[in-house]
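Here are a few exercises to work through with the model open. Try each one yourself before reading its solution.

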Amino acid sequence: MPFIDSKVSVKVSKEQETEIKSRLGQAISLIPGKSESWLMVGIQDEYHLYFRGEDSEPMAFIEVRIFGGSNRDAFEKMTAEITKIFGEVLGIAADHMYIKYSATTDWGWNGSNF
C-alpha cells in the first residue's frame with residue numbers, strides 16, 4: 001500500500017507524467033514487499049516551492065508513504081532511484097529535491113483497515 005506523492009515546480013506533460021508513474025512503479029520494488037500492483041502515485045505540477053529563499057530553479061518535494069515498518073537501506077536505494085527519475089524526466093537537480101519517508105501500521109482501504 002505505498003503512496004508516492006510529488007509536488008514539483010515545473011509543468012509536467014502527460015507523457016512525462018506517464019513516464020514518472022511507470023518508473024516509480026518499477027522503483028517501488030526496491031522496498032521489500034512493495035509492488036506496483038498496490039502503488040498509488042500523485043503528481044502536482046507547477047507547485048509553488050521555494051528553496052533557500054529562491055524559486056528560480058526547478059525543484060521537488062516527494063513523499064513516500066508505506067504500510068509497515070521502515071527500512072533505512074531500502075529507503076536509501078529508493079532515494080537514489082527517485083532522484084534519478086525526476087532528474088532525467090523533469091531536469092530537477094538532486095540538490096533541489098527533498099524526499100520524505102513515512103511508514104505506518106494504520107492504513108485503510110476498501111472500507112476497513114489492515
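Helices (H or I, at least four residues) and strands (E, at least two) are DSSP runs, numbered from the N terminus. The model is predicted: local features need pLDDT of at least 70, side-chain atom pairs count only at pLDDT 80 or more, and totals for chains, interfaces and linings use all residues. Residues are numbered from 1 along each chain as its sequence is written, and side-chain values use heavy atoms, leaving out hydrogens and water.

**Exercise 1.** Find Lys34 and work out whether it is buried or exposed.

*Solution.* Start in the loop between helix 1 (14–27) and strand 2 (40–44), where Lys34 sits. Next, check its surface: Lys34 is buried, meaning under 20% relative accessible area, with exposed over 50% and partly exposed in between (1.4 Å probe, protein chains only). Then look for contacts (heavy atoms within 4.5 Å): beyond four places in sequence, Lys34 touches Pro2, Ile28, Ser29, Ile66 and Phe67.

**Exercise 2.** Now try Lys21: which residues does it contact, leaving aside neighbours within four places in sequence?

*Solution.* First go to helix 1, which holds Lys21. Its relative accessible area is 38%, so Lys21 counts as partly exposed. Its contacts are Glu36 and Val41.

**Exercise 3.** In what order do the four strands of the sheet run?

*Solution.* The order is 2-1-3-4, in an open sheet with mixed pairing; strands pair if DSSP finds at least two bridges between them. Strand 2 and strand 4 (97–104) are the edges, each pairing on one side only. Finally, strand 3 (residues 60–67) pairs with strand 4 in the parallel sense, over eight bridges.

Note on methods. Lys, Arg positive; Asp, Glu negative; His and termini not counted. Salt bridge = Lys/Arg side-chain N within 4 Å of Asp/Glu carboxyl O.
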